[in-house]
Amino acid sequence: MSINKKPNELINEKSPYLLQHAYNPVNWYSWSDKAFEIARAEDKPIFLSIGYSTCHWCHVMEHESFEDEEVANILNKNYICIKVDREERPDVDSVYMTFCQAMTGSGGWPLTVIMTPDKKPFFCGTYFPKYQKYNRIGLIDLLEQIDFKWKNEKETLLKSSENILNVLKADFEINKSEDELDKDIIEKAIEVFKLSFDNKYGGFGRAPKFPSPQNLMFLMKYYNLEDDEQSLDIVETTLKGMYKGGLFDHIGYGFSRYSTDNKWLVPHFEKMLYDNSMLIIVYLEAYKITKNDLYKNIAIKTIDYVLRELTDELGGFYCAQDADSEREEGKFYVFNQIEIIKILGEEDGKYFNEYYNITKNGNFEGKSIPNLINNKDYHKENEKINNLRKKVFDYRLKRTSLHKDDKILTSWNGLMIVALANAYEVLRDDKYLDYSNKALNFIKNNLINDEGRLLARYRDKHADHLAYLEDYTFLTWAYISMYEATFDEKYLEEAVYLNNQTIELFWDNENHGFFIYGKDGENLIARPKDLYDGAKPSGNSVATYNLIKLARMTKDEKLEDIAYKQINIYGSSVIDSPTGYSFFMLALMYELYHSKELICVIKEDEDLKDLQNILTNNYLPNLNVVVKKEGNLSSVSKYLKDYKSINDLTTYYLCEGNSCNKPFNDINTLKEYLDV
């Protein structure tokens, strides 16, 4: 192995992932016109490698191959090599990941693509070892085989790339559905979730297990609308299982990426902002439904982790913490019994080891991941354990360290703002509102260019990349959540503005649906529309949610029309695999079930507080609330001019489905209508 002392062109980048490779002996380029021009001039294929800075297998491939002189010599001689941070360029990642999944049946990172200088792929895969291993071709053999074909059978490769693109066109297009979606699709998804549910440890299917928070959000909404106790049981079993296992960091808090086993015990140790944001939302919703303090406390601990480890002093939130320390996955997080006793002493150390199941033989490569799987008191707050935990936490910080991906993404920050807004609404702690506003101000001050265009990434005092669909939709969702937590109309105005921008930049007027990148973005070999909800909701799913919410809150019929087209364009995709579109179905349930629209003409501040108490203490997922206060109406609320105070008192206008009740003044009547 060798690490180059002279940097390659990545040294001028801002992405932590690209900078990790800046001293590789491979002559890396970023995704740029320069790289493709050189490839055309030298008549070389492109070796494209896509990953992210906290990806364990990306690290493995770097150490085995990209730091290796032998591999580097082959790459530098025969290829033009390009590195892409998937979190900075989700457009590039989406195009080539679709190609990889279609051609191989699977995908993941690192993503390895070999393509023509015209960006047309003809080979793909994920991780490759340096030499052949476990029936997986070695990278050296692969590179030499493709180099031979490029030099001797180029026309065959070029024809292959054209054929692949023609075949893949269907994967980038939407099959229009003739049938409107109905409640049967909801029932089908629920049935699949129930059949795949692990009733012992929670979650769905076998290992590996992913949190997939939007699945739990969907099940909770179904429970509320259909009074289906089994759906709530599935959610609660899963929430408890994820917390008890090693997926949750019991020493420093926060959730890891996913579990490699069925017990949620052994995680893939990287911690992502988006996972933690979505899980905060889920645990707070579960607390609203059940009033179980365990869920509230888990949400608070997870927020504490993000505020401590992933928060920039200017207000933005960082992306992630790595899984690896000193090139070992999970080293930061595991302990042995003797180590704990040295930290805490014989008596306290033994108590701590028993509490967190830190054993002699361990549960992860000879050491132990602290967990509460067999602890019957897992749900109780323990002051003694918390004091001991703080000592272990301080020791862990000194023992080794974790790489932190400190770039700030607009999209993921949007999700964290949603989480904080929900925390403020449920817990009424002003610090959550303060952090939300600080993050929104950070985006306004640092992630909007001179033309008013939202940007995707900020790092090291530099913002770049025109924002993508999920940047706009997640941030719009954040503003909607801030309005619902405060009823300050400035947030609703921002949500409407961003939503209009989303339609202008991303909406397909001809075939409907939203493209991943804007009409002013770089033209790639395809312009995909992604609906599938992966680790986080897709931009199209959240766009659907935003359209319906804002249509109901502003009475904008244009938004209702776009939402209708959006729902129906994706019908066939959802019917084929409903559990892959659970956030989309969250939005769909506003249409398939009667939603309630409440307009409150507020006369006294105390009346607003009474309204907020109802919303804080009750889970009402199909309710949309708009508040009219004294003062001038903005352009988004001008329709409220016809809603008057009756008897000079706070007045409530409540509609359900296509029927409206007579306006009333009594908040107890409101409680009766809302069934709370």
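Where is P110 found? Select it and have a look: P110 sits in the loop between α5 (90-104) and β4 (111-115). Keep in mind as you go that this is a predicted model.

**Stop 1**

The peptide bond running from W109 to P110 is cis, with omega near 5°. Most peptide bonds are trans. Now jump along to A207 and P208. A cis peptide bond joins A207 and P208 too, and here omega is about -5°. P208 is also a loop residue, in the stretch between α8 and α9 (213-226).

**Stop 2: a domain from the records**

Next, colour residues 8-168. UniProt, in an unreviewed entry, gives this span the feature "domain: Spermatogenesis-associated protein 20-like TRX". The span is 50% helix and 16% strand.

**Stop 3: salt bridges**

Time to show some side chains. Side chains of opposite charge can pair when their charged atoms come close. How many salt bridges does the count come to? The count is 46 salt bridges, and we'll visit a few.

Select R89 and D91. These two form a salt bridge, and their closest N and O atoms are 2.9 Å apart. Both R89 and D91 are buried.

Then try D275 and R257. Their salt bridge has its closest N and O atoms 3.3 Å apart. This pair ties together distant parts of the chain: D275 is in helix α11 (residues 273-290), while R257 is in the loop between α10 and β6 (258-259), 18 residues apart. D275 is buried, and R257 is buried as well.

Now pick E591 and R552, whose side chains meet in a salt bridge at 3.2 Å, N to O. Here, too, distant parts of the chain are linked, with E591 in helix α23 (residues 582-592) and R552 in helix α20 (residues 539-554), 39 residues apart. R552 is at 11% relative accessibility, so it counts as buried.

**Stop 4: a negative patch**

Switch to a surface view. Which residues gather in a patch of negative charge on the surface? Select D182, D184, E187, E191, E226, D227, E229 and D233. Two elements, α8 (183-196) and α10 (229-244), each give two or more residues to this patch. The largest share, three residues, comes from α8.

Zoom in on one member, D233, which lies in helix α10. D233 has 42% relative accessibility, so it counts as partly exposed.

**Stop 5: positive phi in a loop**

Head to the loop between α14 (346-355) and α15, where you'll find N357. Most residues other than glycine have a negative phi. N357 isn't a glycine, yet its phi is positive, near 60°. With a relative accessible area of 29%, N357 is partly exposed.

Move along to E365, which lies in the loop between α14 and α15. E365 isn't a glycine either, and its phi is positive at about 55°. Is E365 buried or exposed? E365 is at 72% relative accessibility, which is over 50%, so it counts as exposed.

**Stop 6: two distances to check**

Select R396, in helix α15 (residues 383-399). R396 is buried, because its relative accessibility is 2% and buried means under 20%.

Finish with I448, in the loop between α17 (430-446) and β14 (455-459). I448 counts as partly exposed, at 37% relative accessibility. How far is I448 from A467, and what separates them along the chain? Their C-alpha atoms are separated by 9.2 Å, and they are 19 residues apart along the chain.

Methods
Residues are numbered from 1 along each chain as its sequence is written. This is a predicted model: local features need pLDDT of at least 70, side-chain atom pairs count only at pLDDT 80 or more; totals for chains, interfaces and linings use all residues. Side-chain values use heavy atoms; hydrogens and water are left out. Patches are made of residues with over 30% relative accessible area and no salt bridge: like charges are joined within 9 Å, nonpolar side chains (Val, Leu, Ile, Met, Phe, Trp, Tyr) within 5 Å. Accessible areas come from the Shrake-Rupley method with a 1.4 Å probe; for residues, only the protein chains shown count as cover. A salt bridge is a side-chain nitrogen of Lys or Arg within 4 Å of a carboxyl oxygen of Asp or Glu. Lys and Arg count as positive and Asp and Glu as negative; His and the chain ends are not counted. The place of a charge is taken as NZ of Lys, CZ of Arg, CG of Asp or CD of Glu. Helices (H or I, at least four residues) and strands (E, at least two) are DSSP runs, numbered from the N terminus. Buried means under 20% relative accessible area, exposed over 50%, partly exposed in between (1.4 Å probe, protein chains only). UniProt positions are given in the numbering used here, feature names are shortened, and annotations may be inferred rather than shown by experiment.
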